[in-house]
Amino acid sequence: RAAVRATVRAQLAALGVAYVDLYLLHAPLPTRAAQRAVWRELEALHDAGALRHLGVSNFERAELDELLADARVPPVAVQNKLDVYTYVDAADEHDAAAAAAAAA
């Protein structure tokens, strides 16, 4: 836990600021317990004014649901990659399957 605070304080010092407006947790941690512990430390830094808002990046839906269930301060931003071409292809496949099922 102290490592989380020390890391954030070092990052703030390196930037020469007392706080940041948005701090993103880059990826989910390997266990829910570890995720909960780190998020609690980020919430404490939020409460202290060092992190104005918290967010996450690269969380799957299930991981985000777990975080939201445990969080006192929910993330205000979720940054994930969306490959629009993969999404469109998947939507086209879904539409074709739905049309075939409806015609049967």
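Helices (H or I, at least four residues) and strands (E, at least two) are DSSP runs, numbered from the N terminus. The model is predicted, so that local features need pLDDT of at least 70 and side-chain atom pairs count only at pLDDT 80 or more, while totals for chains, interfaces and linings use all residues. Residues are numbered from 1 along each chain as its sequence is written, and side-chain values use heavy atoms, with hydrogens and water left out.

Helix H1 comprises residues 2-15, 14 residues in number. From its first C-alpha to its last, H1 reaches 20 Å, close to the 20 Å expected at 1.5 Å a residue; the expected span is 1.5 Å times one less than the number of residues. Val4, Val8 and Leu12 of H1 are buried, a term that means under 20% relative accessible area, with exposed over 50% and partly exposed in between (1.4 Å probe, protein chains only). These three residues lie on the same side of H1 because they cover an arc of only 65° around the axis, the arc being that of the directions from the helix axis to the C-beta atoms. The face turned away from the buried side carries the exposed residues Ala2, Ala3, Ala13 and Ala14. The buried residues of H1 pack against strand E1 (20-25), helix H2 (32-47) and strand E2 (51-57). Just after H1, glycine 16 takes a positive phi of about 75°.

In H2, the end C-alpha atoms are 22 Å apart, which agrees with the 22 Å that its 16 residues should span at 1.5 Å a residue. Its buried residues are Gln35, Val38, Trp39, Glu41, Leu42, Glu43 and Leu45, and they pack against H1, E1, E2 and helix H3 (61-70). Glutamine 35 counts as buried because its relative accessibility is 8%. Leaving aside neighbours within four places in sequence, glutamine 35 is in contact (heavy atoms within 4.5 Å) with Leu25, Ala27, Pro28, Leu29, Phe59 and Leu67.

Not counting residues up to four places away in sequence, tryptophan 39 touches Leu25, Leu54, Gly55, Val56, Leu67, Ala71, Val73, Pro74 and Pro75.
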